[in-house]
Amino acid sequence: MRIDALCKGTPPKRSLLTKTLLMTTRLTAVLLMTACLQVSAKSYSQNVTLSEKNVSLKKIFKEIRKQTGFLFFYSDELLQQARKVDIDVRDAPLKEVLDRCFKGQPLVYSIVANTIIVNVADRSSPPEAIPPDPILVRGRVRDSSGNALPGVSVMIVGSAQGVATDVNGDFSITVPSNAVLHISYIGYAALNIPVNGRSTLSVTLHLVQSAMNDVVVVGYGAQRKGNLTGAIDQITPKDIEGKPGVNMMQLLQGVSPNLIIQQPDPSPGASVNFNIRGVGTMGDNTPLVVIDGITGGNLSLLNPADIESISVLKDAGAAAIYGSRSANGVLLVTTKKGRKNTAPTVTYDGTYGIQYSKILFSPLPAWQNAIYKNESLTNVGQSPIYAPADIQALKQGGDHEWFLKSILHPAPQQSHYVTLSGGGDHSTFLLSFGTVDQASNFVGPDYGYYRDNVRISATSDYGILKASGTLSYAHDNLKTNSYGNAFLMADAERTPTNFALQDSLGRYLTNSVLTQFNPLGILEAGGYQTTNNDDILGDFSAELSLGKGFSIKGAFGGDVHFNHSFLRVKQVDFYPQGQYGNLRNTGDAYSQSIFTNVNLMAEYNRHFHEHSVGLLVGTANESTTAESSNIFYNYTDSALGIPVTGSVVSTGSATTAQSPYVTSLNSVFGRANYSYMNRYLVEFDFRYDGSSKFAKGLRWGFFPSVSAAWKATDESFLQGVREHFGEVKIRGSYGILGNQNVGNYQYLTQYSSFTPAYGFNNSAVAGTAFTFANPNLTWERAATFNAGADAVVLNHTLTFSLDYFNKLTSDILLPLTVPGTFGGTLPDYNAGKMRDEGWEVSVKYNLNGRKFKQYFSANIGDSRNEVVAFPGGQQLYGDAEMQTVVKPGVPFNAYVGYKRDGYFQTPDDIAKYAKLTGITPIPGDIKYKDKNGDGVIDANDLYVLGNPFPRYTFGFTYGASFQNFDLSVFFQGVGRRDMFVRGELVDPYQANYSYNIFKHQLNFWSPTNPNAAYPILSANGSPSQQNDYIQGSNLYIFNGAYVRLKNVQIGYTLPFGLSRKLRVQKLRVYLTGQNLWTLSGVKFLDPESTEFNNSLSNTNGANQSGRVYPTPVFYGGGLDVTF
Amino acid sequence: MSHRNKIYLSLLIGLVGASACQKLDQAPTYEYTNLTYWTTPDQASSVLNTAYSQMLPNDYFFYNEGLSDNAYNGRGDADNVFSISSGSFNPSLARFDQEWDAHYQGIKTCNVLLDNIDLIPNYPADQKTLVEAQARFLRAFQYFQLMTWFGDVPLFVHDITLAQSQTIPRTPRAQVLSFVLSELNYCQANLPVNTAVPSASLGMITSGAALALKARVQLYEGNWAAVAGICDTLINTTTYGTYSLVSSYSNIFSPTNEHNSEVILDEEFVPLVRTYSDLFDFIPISAGARDNALAPTQELVNDYLMTNGDTITDAASGYDINNPYANRDPRMTATLVYNDYVWTNPDGSTQIIYIKPGSDPSSARLNEYVPNGGFSSPTGYYIRKYYDPTAAAGEASGLDLILIRYADVLLMYAEAENELGQMNAGIWNQTIGALRVRAGFTDAGATTFNVAWDAGALRSIIRRERRCELALEGLRIFDIRRWKTAETVLNGYPHGAQYGDPTIDNGFVRLPPRSFDASRNYLWPIPTYELEQNSQLTQNPNY
């Protein structure tokens, strides 16, 4: 803590130049000292105990810093003028102690934030004007939740005078009427308030959000944000409050840059896609989730009200300590604990609202639909099927409600969370209960999702031992129809509106379009499927502080997970014909997994003058055992679903012996960090993992990273920047991260029995299938570079983070493309190379007036992946019309197809231009670009048409409060994505269900509309249909960019006085709305719809056909109460 | 550190130490590995069962008819038969690669079995030979299917590595052919005759099957003498099994008459357990179908003779275009469904299938022909053959699919003898005559041999007979390819019944046109994907 060197040659003169220099020096020192905070979040007292005789101020300052954490700024020259002091105080307020020390000194001090600035007492200032008469100012200081803040420093700017607030947060001080009060409190943003002659003041201090001194949870520990060297973003409850999301994953959408959440299917209980920094591997891209230090938890089963913080570890510097699982990023979830020395507090947070289905496309009246149907036939030389009289009859018969409307209805959604927490001197506790219930918009019996959560957490200090434990239980239940949403939607939407779902007798009708099924009948009477999860997650840890910065810690945790799903198909008879569910299936599937995680760590943190050193070394084991069983019966009892005479156990039934597995991972990990003068920080992390997924000799992998940071504005030459702008830190990291997300036992050739394989004389026999081993299987490695900067500027009102990353993943674990001649598939191989490159920016800005306060928070990130090498050169994957490709130089699984080049307008045009083999088009059909100019359109004319993964994902929040009212508006979206939609929403009178056209499809080609959006109407099987719609082309590529008003909240908090009368600490009521408005490149479908999961595997094929549960729009209200 | 704290420390370390780590050496408990598999004869049998299951995908059996002029795939593009028959495809069409894969997967199973069977200790030699012979038959059958579609294909008789599969060239078709024939010779010598198969093993491959397959292979080559010789052996001796015609044509395909005397090779299904549901999209809608995806064509219907043995175009045939289904070959009724057909429901009751538009007295009109886009048949005909009244919901049927039946042997014999110029009344009576009598023809004009027929006339008669007898059994596409008539019958419009615009094609429903390019389509293209994966592969001409 020496700054002599810095201050040499800057004698305290009164010139402008030296003032600036001095100020620069001063700020540099502040930054320097800030950096000396310890890794652990230690809480400082503001009281001081000192007993010294005839000691230098310097020594006293040192002691005070030790006790309070307050930093001193001074230069040695300055202190040479000071005399030595005697002092003897016990537990005295800091200010009192300082006042004593400075009494009679030629020096004054002022406190700015948690820094004490020592300056020369300004005796020579001329009496410029007669000072105004002093006035007595009374005031009260509260935090943003309205709680009184005791011990807040209230200083008159420019003098050493000041007071502190009392236990009620009140203060009184006599000041010149034109004085400015500097109000500061540790951890809060300091305010300068001009008195302007007022005699009463009401002051609200705000916690310094995301400022450099926030504590951020990192792998196996916590660090001050200012001391981070890796790329870590922290999400706090404020980011998700009041948003009516059902699970954590949905709530995280848009809150952190490059934490990419997609909800391909918005139906209750459907899973979401999540990625950190996009897609970096051709294998599994799922980030690692760590809950309270235990890896592998299930984020979607957590109670959102239990979340204290979520750290998003993005780069190698942050994530390497998780070694073999960290290449896709890590989410570190920390749950709430009780606080020490807090009276028991109960909080309730609940929302209730109604979800409305918003369908973005609509049918035509049946008679118009019929006219276009005729046109589609006559265009290709076929006879019309509706005579004028038929069309007249349809017109007179009128239309029934569109089936899709009939099977959807508004549905409630609600959540209720109660937390009881508190703590004494040595222990804390927290109990929480939560329930959330989202009903389905489909009609029918109780479809929807609910989840109940219970959590108990306690901590206790016993001497040098700190112990803590958490036990939580979650139960959820998803009840859906027995048929599948996609087909229900499709059957309902593509039936023309001249048909009815039910007759006057209530019978479910079939018709000439829907011959077999009636979606209403299936929903109301066709049975159901339920899926439950029961999850018990617990962790217990104990930490021993052995003194001198040395501690050891052990943690044991685990997750016991049960999943049960039950299918019950009930037979429904339709009229005049058709049956649903005549198999009368009853299916019962059960699985359980037990995961355990043991960690043992030793940690050492010490400061030696300018040097700070931290060391951590640990070992861990993670093991999973899992088993499952299922039984499926057909022809069960129609009332109870139980097996009866005639029931048959169907194929696929399995006992627990069929697929149990055990996996294990042993690890040694560590971290070493060092900082010099708290300005230059460097950190080394590693993990050495051994996995049961790989053969002996190949199973151990070493994953190191090195990262460094430079607090640039601590440098003296940048002191001006710091003064006028703020703090800036520059970071960089490089490391190797791993990925082991592959199936088990792949290094062994596996022979697995399956039945029935075949039969002889009507008796089934088993067969054996085999998968050849890849004995050379080993880790996937991602070399990750990151550079970033953090800034906190404009008096802590604006924080800014910027990162660039570049990740090259090699030895990607993927199943090799195999010639068909090989005759089988192969397990994963370490093959392929892929780059993922991008950036992210986040900005937060607070604009606090006295009554009107606003904040802005925005984030945007981009990730662009590109295949670098792929064994076999390239691979095309077909799905319906569209194909995706994996080949070097283009994004992973990019869409490929033909490119449209307008339409054939004349027969002459057709004669001249390249065509598809075997197809004779007509005017109005699509012309495709003949890429290689060989006169024929074939596989050599495929273009890369788009990247299915979202880019430029962003979120924007605006918040404002005026007195007791608050408002927040949250937008979220995607800047660029290519979306593939095929099927009836694009292709009118589509192949197999050629009975309808929707309103959005009417801009089709005709001689008078030669530049239409869609080609000429044509009939199933015709060459035109083959030419225009059976080919994958950019006809099917839509712009999936969107911006969505995801959430709006308007709240009112009861004034402090009123809520105190009601004996509540805080009461806030609010209105909240979700998915209120969307602007999108695709108009007839929700732009979030995608067929891909987070690893770009096509797992939601129905979404390509637009058969997606309509995105619900939610309107509701909520209540937050703290007792 | 206080004493007490030291205790806690030890406890803590003890706790962590006690929760012993799972070992990193883990092996599956629910399946065998290469170290543990090849230990008992049952393990070999189990792999053999897999090879049986890969014999022929049931979808191909049915939908291949849509590749020919027998049926039209009007809904979807099952197995790409619409794309292929309409000519609008290129070598990257999925079916080509799926076909390639399906056969090489079967070959792999056989090769892995044959390569490893010797690892099994104490395997009785006769049992082992039996398993080997079945595997070699199945492998030969796969190669036969491959060479029939693709011509030259990579031929190998031991399991190949990934690296080998990336460089293996195509073997000339002639070598593949001679391999198939020599393998079948081995099989015919080492497999039991059908009458020696124990009832529990019914469905296993026999020496007769090996011989019959050899006849089919030679037939496709046009090696008439070989065909005639093999068929003669099968017909006139019992050395390789005992076969005869089932007395009722429709009873050949009855679930109560599986493994009948006519079955030489079949693919086995097990009711409720191993089933296929193709008929769910074939039979009349009112009989329980979901919709129609494959419908017989007017061209097939037209080829059925009148009961007097005349074709419908013969002046004296008595054919009435207004009552077109009267007095026709009885096999037509057993094969397909036409307007006013009397359908027998599973419970024995009957219903009339009203297909002609406007003829259904009920309002449902489920089966009626609807031009373009209906759920009903696009041709006005439905499929009856292989309808299983005992099928489970969704027409999930366990009825075995017959791949080679004795009637085929008779037809091969007749064709070969005729091509050899040796057709006579005796052979006629033994073959075409016998089939017609069995079919229910009674008119001598249909059943007796006419010495006035020359070889060309006989060729037409035999080919028509083959088409009608074996309709919807998946063989027509191979026949028109080997006869080189595909370029004639697969170009132009297929038709449905006479429910269309009377000004077009005499009112017979005109369906989207087919296209067949004789310069290249007699061989399928080598799949694009395979060419990409293996630079040694070459493409067939003109693709």
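Buried means under 20% relative accessible area, a cut-off that comes back in the first view below. The structure shown in these views is a predicted model.

**View 1. Two neighbouring residues with positive phi sit in one loop of chain A.** M677(A) belongs to the loop between β34 (661-676) and β35 (680-691) of chain A. Its phi is near 55°, a positive value in a residue other than glycine. With a relative accessible area of 16%, M677(A) falls under 20% and therefore counts as buried. N678(A) is found in the loop between β34 and β35 of chain A as well, and phi of N678(A) is also near 55°, again positive in a residue other than glycine. Is N678(A) buried or exposed? N678(A) is buried, and its relative accessible area is 1%.

**View 2. Strand β37 of chain A has pairing partners in β36(A) and β40(A).** Strand β37 spans residues 726-739 of chain A and is mostly covered, with 10 of its 14 residues buried. Strand β36 (residues 700-710) of chain A pairs with β37(A) in the antiparallel sense over six bridges. One place to look is A708(A), whose bridge partner in β37(A) is G732(A). Strand β40 (residues 780-793) of chain A also runs antiparallel to β37(A), and 14 bridges join these two strands.

**View 3. Three strands of chain A form an open sheet with mixed pairing.** The strand order is β9-β6-β12 (chain A). The edges are β9 (170-176) and β12 (200-205) of chain A, each of which pairs on one side only. On average, neighbouring strands of this sheet are turned by 30° against each other, direction ignored. How many bridges join strand β6 of chain A to β12(A)? There are six, and the two strands run parallel, with β6 covering residues 134-143. To find your way along this pair, look for R140(A), which stands opposite S202(A) in β12(A).

View 4. P576(A) lies in the loop between β29 (572-573) and β30 (579-580) of chain A. Where is P756(A) placed? P756(A) is in strand β38 of chain A, which covers residues 750-760.

**View 5. Helices α5 and α6 of chain B come together in a left-handed crossing.** Two packed helices are described by the angle between their axes and the distance between the axes. Helix α5 covers residues 94-116 of chain B and helix α6 covers residues 125-150 of chain B; their axes come within 9 Å and cross at roughly 160°. Angles over 145 degrees count as roughly antiparallel, so α5(B) and α6(B) are roughly antiparallel to each other. The residues of their contact divide into 15 nonpolar, five polar and five charged.

**View 6. Chain B has 20 helices and nine strands.** This view steps back to the whole chain. The C-alpha atoms of chain B fill a box of roughly 115 × 55 × 50 Å along the principal axes. Of the 543 residues in chain B, 59% are buried. Among contacts in chain B with a separation of 6 or more, 68% come from residues 24 or more positions apart.

Notes: Residues numbered from 1 in each chain as written. Chains lettered and ligands numbered in written order. Predicted model: local features only at pLDDT ≥ 70, side-chain atom pairs only at ≥ 80, totals over all residues. Heavy atoms only, no water. Pairing = 2+ DSSP bridges. Helix = DSSP H or I, 4+ residues; strand = E, 2+ residues; numbered from the N terminus. Axes fitted to C-alpha atoms, helices over the stretch in contact; angles between N-to-C directions. Parallel < 35°, antiparallel > 145°, perpendicular 65-115°, else oblique. Left-handed = near helix turned anticlockwise from the far one by under 90°. Nonpolar A, V, L, I, M, F, W, Y, C, P; charged D, E, K, R; others polar. Buried < 20%, exposed > 50% of the residue type's maximum accessible area, 1.4 Å probe, protein only. Contact = heavy atoms within 4.5 Å.
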